Amino acid sequence: MAATEFDAVVVGAGPAGSIAALTLSQKGVKTLLLERGERPGAKNMFGGTLAWCPAPEELIPGFWEKAPWEREVVRRVLTVVAETSATSMVFRSDDVDRPFRGRVTLFRPAFDAWLAAQAQAAGVTVVCGCTVEGLVVCGGRVCGVRVGGSDGVVEAPLVVAGDGALSFLAQEAGLHAGVHAEQMAVGVRALYALEEDEIDGRFGLVRGQGATNEYLGGTEGVRGGGFVYTQTESLSVGLVLHLDSLKTRGFAPYDLLERFVGSVHVAPLLRGAQLVEYSAHLLPEAGLSMVPRLSTSGFLVAGDAGGLCYTNGLTQEGMNLAMTSGHLAGLVGAEALEVGDVSAARLAAYDRRLRESFVLRDLKTYDRAIKLLRRDRLFSDYPEVVGAIMEQLYASDGAPKRRVGSIARGALRDRIPIRETLADLIRIGRSYL
Amino acid sequence: MNLDDIFDLVSYRIHPEPHIVVDHDTCASCSHRACTFACPARCYEWNEVRGRVDFAYESCLECGTCLLVCDLGALDWNYPAGGYGVRFRAT
């Protein structure tokens with residue numbers, strides 16, 4: 001590999017890495033994209049959603065028409081799961097005249113391969129089956145990567161790390177001291193094959209439309225939630241579980257997944273569907289508090305590797321943040337290479353651009369909500385309270401009916417001290433209002 | 001969903017050398033053995049006879065859960081060599 005000289009090496013052909021490489025190449029930077037899987041997407045299990053963002057369309061005109069996404073999400077269901085009941089909020093959008101600014105479901109192995117192929121078509125050299133083992137540092141700045149084998153080295157004035165949630169390269173570069181269980185969640189997913197028409201019928205969709213079902217509670221008190229996402233001919237069913245909570249509670253993720261799949265909420269959706277794959281992956285979940293400085297001399301960090309992924313309890317964002325950060329990394333990197341200055345001071349423009357963009361602004365906007373989701377009670381006591389209120393609201397037992405407020409006070413009284421309820425209400429208010 | 005079936009559905013290209021090495025001496029002072037239940041691939045199993053955690057790298061999903069739940073630093077954790085390890089389906 002030493003025969004060719006590269007101006008930039010991008011590590012990881014996920015959405016952050018491929019977009020960064022594509023951006024660099026379009027700016028005339030000789031770019032190498034390294035992927036440890038035997039093909040882009042081979043290591044990615046995610047079947048989730050991608051929310052609209054402008055970056056891919058800027059790089060690939062017609063992106064949203066061409067990219068191999070699966071279904072456009074028109075129906076979103078958020079369900080609070082209690083022991084013996086469940087309460088859902090259903091949102092359905094039928095505004096078909098608007099320009100597309102929504103979200104799509106997609107299947108990452110296919111999508112990642114397509115995106116890396118776009119980078120390749122734009123002139124990026126893509127090498128798969130190549131694990132980056134560490135950074136090469138010359139005179140205090142990052143100047144390349146060490147690859148598979150003992151003495152493989154690729155030198156380049158700029159390295160962009162899109163190496164995923166464990167973020168080993170950023171750690172080696174001294175940008176953070178390692179990620180912790182308290183900052184991360186593990187996602188486990190079962191992939192089920194089911195005919196397109198069956199999916200349409202079960203989720204109330206017409207051709208090409210998609211649905212997301214998300215569940216809060218029902219995880220034996222482990223902080224986290226469940227999901228069912230519709231792909232064209234498959235369903236992604238899984239759980240996302242906070243690692244520290246999983247560890248404390250002592251549950252196995254596959255046992256919780258088995259219960260979730262067999263639950264009354266999910267089992268009917270899967271009738272006759274064929275289980276085809278099981279997978280697991282980590283997700284950064286700590287929001288701004290875990291986002292380190294994302295640049296240093298000769299080095300930029302994008303996507304999950306920078307902690308750029310979150311849920312605020314109502315929606316999840318990750319791929320759009322990855323792609324946008326990859327885009328900005330490519331832009332700042334190309335400008336720096338052009339003037340021949342890849343110093344830390346120059347590349348700090350990347351952090352600034354991220355702070356100005358929706359990427360870090362959204363993380364800031366929902367910082368309190370992200371922190372709120374670390375409260376155990378939200379996943380154990382409160383779903384039961386919601387369930388108890390709804391049960392009594394709909395009950396008819398011959399006794400005179402009570403107002404909702406009175407029912408709620410009764411449901412709360414047995415479980416949560418009033419003072420803590422009020423504190424939580426204030427927290428919830430400050431998180432979302 | 002039959003739990004035992006799910007692990008059989010995963011495809012791997014197995015490298016002859018493990019990419020994660022467990023330091024059993026360090027492990028010995030662990031009080032929670034979180035790896036034995038938190039690992040989504042069931043790679044870690046408590047062996048009562050040997051009095052230690054057995055580790056099978058072959059079925060690893062490369063997620064990193066074990067690395068983060070281990071608070072003793074008992075794992076030398078690396079991704080598998082290029083092209084090896086788990087490979088998720090393309091379609």
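Reader: What makes a residue of chain B count as buried, and what percentage of the 91 residues is buried?

Author: Buried residues account for 37% of the 91 residues in chain B. A residue is called buried if 20 or more other C-beta atoms, placed from the backbone, lie within 10 Å of its own. This is a predicted model, in which local features need pLDDT of at least 70 and side-chain atom pairs count only at pLDDT 80 or more, while totals for chains, interfaces and linings use all residues. Residues are numbered from 1 along each chain as its sequence is written, and chains are lettered from A and ligands numbered from 1 in the order in which they are written.

Reader: Why is chain B called as compact as a globular protein of its length?

Author: Its radius of gyration, taken over C-alpha atoms, is 14 Å, close to the 12 Å that the globule rule (2.2 Å times the number of residues to the power 0.38) gives for 91 residues, so chain B is as compact as a globular protein of that length.

Reader: What makes up the secondary structure of chain B?

Author: Chain B has 4 helices and 6 strands, where helices (H or I, at least four residues) and strands (E, at least two) are DSSP runs, numbered from the N terminus. Their order from the N terminus is α-β-β-α-α-β-β-α-β-β.

Reader: How do you know that chain A is in contact with chain B?

Author: Two residues are in contact if their C-beta atoms, placed from the backbone, lie within 7 Å. By that criterion, 43 residues of chain A are in contact with 29 residues of chain B. On the side of chain A that touches chain B, the largest share, 8 residues, comes from β16(A).

Conventions:
Buried ≥ 20, exposed ≤ 12 C-beta atoms within 10 Å, placed from the backbone.
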